[in-house]
Amino acid sequence: MTRPFLSVENLVVHFPTPDGVVRATDGLSYTVEPGKTLGIVGESGSGKSVSSSAILGLHRNTSAQVSGRIWLNDIDLLTLSDKEMQARRGKDVAMIFQDPLSALHPYYTIGDQVAEAYRVHNKVSKKAARDRAIEMLDRVGIPNPQLRVDDYPHQFSGGMRQRAMIAMALINDPQLLIADEPTTALDVTVQAQILDLLQDLQREFNTALIMITHDLGVIAEVADDVLVMYAGRAVEYGTTKQLLTAPAMPYTLGLIQSVPDLSSDVNEPLRPIPGNPPSLLDPPSGCAFAPRCTFKHLVADNLPDTVMPELEEIAPGHLRRCHLTEHDLSKLTPKPAEEVEVV
Amino acid sequence: MKKRPIARLGAIALAGVVITSLAACGASTDGTSGGSGNAGGTVTYLGVAGQWEGTDPATVYYGNEIAAFRRLVYRGLTALPITDDPNPVPVADLATDTGTSDDGGLTWTFTIKDDVKWEDGSPITGEDFVYGLSRSFDETLVNGTGVGVTYLSSYAPSVVEAGYTGPFTSTDAAKAVFDEHFFADGQTVTYKFDNPWGDFPSAAAGLFTTDPYQASFDDGSTLWEINSNGPYMMEEDEFDAAQGATFVRNPEYDAATDSTDLRQALPDQFNFELVADSDVLFQRLVADAGTDKEAFSDANIPATFYSQVESGDIADRTLKSTSPYTRFLFINSLTVTDPDVRRALAVALNKDGMIQAYGGDNYGEPSTSIVSKAVSGFEENPAFADDNSAGDPEAAKELLGGATPEITVAYAISPTNEKLIPVIQQSFEAAGFIVTPLGIAPDAVPGYYGQMAAKDKNGQKVDVFLGGWAADWPAMSTVVVPILRSNPADAESGVGFNYGFYSNPEVDDLIEQGLAATDPAEGAKLFAQADAVAGADGAYIPVVQQNNYFLYGSNIDGFLPDVASSFYPDFGSIFIKSSK
Amino acid sequence: MLAFIIRRILVGFAMIVVMIFVVFALFFANGNPAINQCGKYCTPEKLDEITGLLGYDKSIPEQFTAFSAGLVVGRDFPVNDEYRAALIENGYENRIIHCAAPCLGYSQSDQKTVNQLLVKAAGPTLSLAIVSFLIWIFFGVLIGVIAAINKGRWLDRVVVGSTLVVYALPVFVIGTFFLQYVAIKWQLYPYPRFEPLKEPADILPWLTGILLPALTLALFFMAAYVRYTRAFVLESMSEDYIRTARSKGLPERTVLFKHGLRSALTPLVTLAGLDFASLLAGAIITESVFNYQGMGALAVKANNNHDLPVLIGLVIVGAAAVIVMNIIVDILYAYIDPRVRVTK
């Protein structure tokens, strides 16, 4: 049996601090295939960015303790040396970030920064790298790339900056692209353009894409599979359709319900999930979501507060972490399927 | 050098008051020194930055500065020879003899040598001497010393009264008066005084007031310039008060016109190097490394260095001698009027304790007079001779008869004085006085001595105050007269150095007799008598007879603090040892 | 950019004018340059006489007017018109000291124009400032970066600890140690003397003479700059764009030097510019310890001598140095940070 293209197995990222160990990611597993998109959803601090950064080896210079396996093309990235990892970073795996303004160096031109990504992995002249940068800027839809290549980030609009980030990330034709909230800092019309661009490019290069977001709308638009994270762990994992039409645990449901619905009554209040995510320094002993769960009374023996539920497969390819029974699940009220756009 | 406040002004003023029988004598040499030293090399003079206040001859008035320049660059009418004789007599320098006077000191005539030259090669003329003297009347030029005017106003008052203020600003009328008194005819210079000045040749040797000045050199500010007529000349355009200067051989100087009794001029070069403070200076002399082997200083070894210099080889490079400086306490006779109270203060004072505070035995020894032992004719003042130098509070109490007078002791604020004041306060309080110290800040205007000079002490109650005096001139008169002669009745400030406003007709009478005496030994006796009377009257409290304690490099020879150099090392005799 | 610089210069100029006025008003209330001519045994009467003779008895507005005129058209000294007239009448025009514009005044105690004194003091002060600046910037930044990349390790702790010690040591102590022990007692280094730098051949003696004082001054700043640099580098290395640079696969060296250091240096430029400017007004303690006759020593001397014109001159030069350095820092900023550039 061959391994999936990307297979994250039991990934653990812990940050030791003077106050104790921050369990940012605890036992995370998922797979992604080329040309496919995995959406990772969760609130801030749920561990989605930390786990993805681990794939690029960005925790190597910190005090983080990373364990588990990250198989990319049958190679465990966690076993690579710093130098070997560095050679893959930006070439095999690339990443784009949430706020393109802070993610771009303010002192260097867009062209320099894009070309730098190319030159570090390809022995080419400055001129060739620059030409390649212009080509990529053109490809990501930057008008007049020959002129704009010499602009500084602050001279670009937010959407243009993110396009430049995408150009930088894709300039080496990576097999895996991690997009960490790529549209969060952008206004809505630009968001759509960027997502379209990402999908176009993904199709063109057959790239595996991990889309990290807290926005289920984005998930609905781009993701094939979805991983819902809560307090550093996966709480539900399945196809986009499975999760959006039949969420199998209250947190996923809460996420779905908290999305404003354009078709519904404007006077209908939003339904955010009450409470705050738990501290990763001292997580609850039972289900991490239990303190905020409005359904936990359905479970006998106070189980959610004392026992951490295991990740279980409730349908083929659909996993969840919840004490609720199949019967209780019927009490969850998902939105009608037709209201959710599924790709 | 160590403490500058010691006055020279008064000493200079008084130098002129002495009339001795030597006055009309010709040149004389005692021949104690010969040109036996090794010639060549560079000697480094180490000093402390910022202490020199000018190099224009009209400005120079500190004893050590006069001592250095007299031997190196500024020759005068006369000069004192290099000698360890405590009673040297002046000899001719630029003049052919030490001057002649046929009228008992009213008119003096000097003939200038023919072949003496300025450093630009032009001859030194009689006119240059008249011009040099005229500059001494300018108060703005003399930079506050007031030496010229104070001194000359005693002997040529009509010139000063005519409003003569030197060559630059005087009216024609005033200039005419000056010209009547002082004039030149070729190489002959004539000085006509209103009052007889018997000691004029000695004054000319000890001061730069009568030194020549080249009129063509008088351009712009001359404060830091040196126009040499001596064996060396300054290499730089200006003396740097913070860094020093370099003195090299003056090619226009002809040794044949000079005497080795005055200037042996053995080294090829003198480097004046000024350093940040005396710690650095003595660290370098102690280290004795490199060119510092050929270095010396006229600064006294600070107490913190005593333990280092008293051992081993370094001790061979030190020289301790009696200094012309004494320190004492003034008593304000206007506020402390009872002679018994004044004597009680003197009897009570713990001089030993004060000397410890000053730095101990190396600094000096308990004194019994305002006059230094280095002064010829010195006699112990019998009034203080039997006082216990550790203080005798019981005897003082007896003198006070149960009274507890309140007295204020004034001093200039300094680290040393801050250590002295507790000693003074304790010894006075032990005798029953109620003591209030009054410190005058270093940046006060007027300064400490300015305030103490005032009759009203600048509006403060001051009964006792710290002071010191140097006999720049080795004569009793240079000490007794300025400090003990009554101030004029209308004086708002002390004249000379009589800041205690002491006034005693008996003392004044003895002083007048001393000044009139034609025999110096007889004069000295009369001054000593005046000192004794004033002492018995409680005019002042003697504290310490200071020592000079010098250190020099291991290659230095001819190191001789002598009278001619105010007991600073004589630049005329110093040289570098031949075998290194 | 040009308009910006011109505006800054004009504002700076106005500031200097205000400062001159304030300093003049403050100091003149209790200063009288004539005191320097009056000597140690100065009495009030004598002081009055000399004050009048030299022309320091005029009212403050009159003196300020004369001073201001001197800045624009130059001045002659002594300031008393009658005194100068007498000098001319007696044929001593050459003793009148002409002080060309911008005349900052005349030091009565030194009998030199303030301009002359400042020019003379500029040599040692500039030499000291430049050499110590180079030492402290080079080693301060270098050690700071080393500490930052070794954050938390023993090397970092040693560096941070020793900077604390050095920073706590008074300059006076370090200077005295260098002079009295290193140079004099142990003879490890030639005795430091200032040698003016007039021609290329002077470089070696100049450098030899200046190294110990420059090091004395530099150590203090170096300690501070090690800590600044360390903090700025750590801060800049936690920026998002550093993560971007790493995710591109750049070697850590490039990440640090190209991406991290450049932005860490920006705040350092401001600090360094102002610290350098403050040194141009003279390093009082270092100059005193080593007997360097720079601006600091001049300030001490002028203060002791109640030499008001020199003090005003020093204030003006110090203020001008700060203002000029500020403008230079602004220009450097524009060079370093494209966001600040007004035009391309």
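A:D173 sits in the loop between α7 and β7 (176-180) of chain A. The model is a predicted one, and in it the phi of A:D173 is near 55°, a positive value in a residue other than glycine. Most residues other than glycine have a negative phi, and most peptide bonds are trans. A:D173 has 12 other C-beta atoms within 10 Å, and a residue with 12 or fewer counts as exposed, so A:D173 is exposed.

A second residue of this kind is found in chain C. C:Q111 is not a glycine, yet its phi is positive, at about 55°. This residue lies in the loop between β3 and β4 (112-113) of chain C. Is C:Q111 buried or exposed? With 24 other C-beta atoms within 10 Å, C:Q111 is buried.

Chain C also has cis peptide bonds. One runs from C:F77 to C:P78, with omega near 0°, and C:P78 is in the loop between β1 (75-77) and α4 (81-89) of chain C. Another joins C:A101 to C:P102, with omega near -5°. The loop that holds C:P102 lies between β2 (97-99) and β3 (106-107) of chain C.

Back in chain A, helix α5 covers residues 126-139. Its 14 residues, at 1.5 Å a residue, should span 20 Å, and the C-alpha atoms at its ends are 20 Å apart, so the two values agree. Just after α5(A) comes A:G141, with a positive phi of about 90°.

Now to chain C as a whole. Its secondary structure consists of 13 helices and 4 strands. The C-alpha trace of chain C spans about 85 × 55 × 40 Å along its principal axes. Chain C has 344 residues, of which 44% count as buried. Where contacts in chain C join residues at least 6 apart in sequence, 68% of them join residues at least 24 apart.

The crossing of α5(C) past α13(C) is right-handed. On the α5(C) side the contact is made by C:V114, C:L117 and C:L118, and on the α13(C) side by C:P309, C:V310, C:G313 and C:V317. By class, this contact has 6 nonpolar residues, 1 polar residue and no charged ones.

Helix α5(C) also packs with helix α8 (residues 203-236) of chain C, at an angle of about 35° and with the axes 5 Å apart. This crossing, too, is right-handed. The contact of α5(C) with α8(C) has 25 nonpolar, 5 polar and 1 charged residues.

C:L169 lies in the loop between α6 (154-168) and α7 (171-185) of chain C. With 14 other C-beta atoms within 10 Å, C:L169 is partly exposed. Between C:L169 and C:S263 there are 94 residues of separation in sequence and 31 Å in space, C-alpha to C-alpha.

The last topic is how the chains meet. Of the 2 pairs of chains that touch, chains B and C have the most contacts. Chain A and chain B are joined by no contact, and their closest C-alpha atoms lie 49 Å apart. The contact of chain C with chain A takes 18 residues from chain C and 24 residues from chain A. On the chain C side, the elements that give two or more residues are α9 (240-247) and α10 (252-280). Which element gives the most to that side? α9(C) does, with 6 residues. The side of chain C that touches chain A divides into 5 nonpolar, 5 polar and 8 charged residues.

Helix α9(C) is largely enclosed by the rest of the structure, because 7 of its 8 residues are buried. They are C:Y241, C:I242, C:R243, C:T244, C:A245, C:R246 and C:S247. What covers them includes α1 (48-56), β6 (93-96) and α3 (100-103) of chain A, together with α10 of chain C. After α9(C) comes C:G249, with a positive phi near 95°.

Definitions and conventions:
Residues are numbered from 1 along each chain as its sequence is written. Chains are lettered from A and ligands numbered from 1 in the order in which they are written. This is a predicted model: local features need pLDDT of at least 70, side-chain atom pairs count only at pLDDT 80 or more; totals for chains, interfaces and linings use all residues. The expected span of a helix is 1.5 Å times one less than its number of residues. A residue is buried if 20 or more other C-beta atoms lie within 10 Å of its own, exposed if 12 or fewer, and partly exposed in between; C-beta atoms are placed from the backbone. A crossing is left-handed if the near helix is turned anticlockwise from the far one by less than a right angle, and right-handed if clockwise. Two residues are in contact if their C-beta atoms, placed from the backbone, lie within 7 Å. Ala, Val, Leu, Ile, Met, Phe, Trp, Tyr, Cys and Pro count as nonpolar, Asp, Glu, Lys and Arg as charged, and the others, Gly among them, as polar. Axes are lines fitted to C-alpha atoms, for helices over the stretch in contact, and angles run from 0 to 180 degrees between N-to-C directions.
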